[in-house]
Amino acid sequence: MAPQPTLSLVIPAKDEQENIANLLTEAFTVMHDHPGFEVVLVDDGSGDQTLETARQTATALGGCLTTIRHDQSIGQSGALATGVRQARGQWIVTMDGDGQNDPADIPALVQKASRLHVSDFCIAGYRRHRKDTPWKRFQSRLANRVRNAFLHDGVPDTGCGLKLFPRATFLSLPWFDHAHRFIPALVKGRGGNIAIVEVNHRPRTAGLSKYTAWNRGWAGIVDMIGVMWLLHRTRVPRIVNAGEPSTDHPAADRA
C-alpha cells in the first residue's frame, strides 16, 4: 500500500503543454526523497495537450500524479481550490504551471514551515528578482504596495504562486474568484502566522500569460475591498484559560 502523502504540490494550469513536462520533471526530481510527495494538477479547461503531457511525464518518471480537468476555465483561484480539495497531503505547496516558479525552492519552504510549530500559517514566496517585462513588474509593485497599505499582511509579493500552508487552513478560508492573491491576508486575519521565503523566478519560455492589466490590477480593487470587509468582520477568540477536565463525579461516589 502506498504511503499517505504528507505534502501535496498543487499546480493549476491552462494551455501549458510546452511547460508542464519540464516543471513536473523538476518537481519530482527535487522531491524524490521526500516521503509521501504527490502532485495534483488541475487542468483549467485547456485547449491543448496539457493534461496528456503531464500524465505521460509522470508515468515515465514514476511520480505520484493526480489529475483533474475542468470542462471550462474558471480561473486560477477556482482551479487551486479544486486541487486542494483533491489533495491528500497535510501540507499544500502551490505553484504556477508556467514554469516561472522553481521547484528547487520547495525544500526551503518546507524547512521554514517545520520551524513554525503552529497549526495555522502561510509561507509566502518572494520573487525579489523578477524575470518579467518592466510593465508587468511595475503593475505588480503598485498592486503589492496598495494591497499592503490597506490589508497590512506584511507580504511583499502576494502574487507569487509559490506558497505553503496546511490543507486544513486553506479549507477554512472563504473562497471567491482571485482569492489566491489574498491567502496571506486571510490567514493572518484569522490569527495565523505569516513567513516569507525569498525564491527564484524564471522567465516564461513558452506559452502566453493569462493576466492583463485589468484582471491583475483594476479588477483586484473590488476584491481587496471585499477582503477588507471580511477581515473587519472576523473575530479571533484568544483563550486564556481552557480549564481542566473535572475528576469529581458525585454520582459515582454515591454508588
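Start with helix α4, residues 106-114. Helix α4 lies across β1, β4 (91-94), β5, β6 and β7, at about 150 degrees to β7. Contact here means heavy atoms within 4.5 Å. Axes are lines fitted to C-alpha atoms, for helices over the stretch in contact, and angles run from 0 to 180 degrees between N-to-C directions. Helices (H or I, at least four residues) and strands (E, at least two) are DSSP runs, numbered from the N terminus.

Some ground rules. This is a predicted model: local features need pLDDT of at least 70, side-chain atom pairs count only at pLDDT 80 or more, and totals for chains, interfaces and linings use all residues. Residues are numbered from 1 along each chain as its sequence is written, and side-chain values use heavy atoms, leaving out hydrogens and water.

Now the sheet. It is open and mixed, with seven strands ordered β3-β2-β1-β4-β6-β5-β7. Pairing takes at least two DSSP bridges between two strands. β3 (65-70) and β7 (193-198) are the edges, each with a single partner strand, so one side of each has no neighbour in the sheet. The twist averages 20 degrees from one strand to the next.

Next, β2. Eight of its eight residues are buried, meaning under 20% relative accessible area with a 1.4 Å probe, protein chains only. One side has F37, V39, L41 and D43; the other has E38, V40, V42 and D44. Seven bridges join β2 to β1, in parallel. L41 is the bridge partner of I11. β2 also pairs with β3 in the parallel sense, over six bridges. There, V42 partners I68.

Notes:
Buried < 20%, exposed > 50% of the residue type's maximum accessible area, 1.4 Å probe, protein only.
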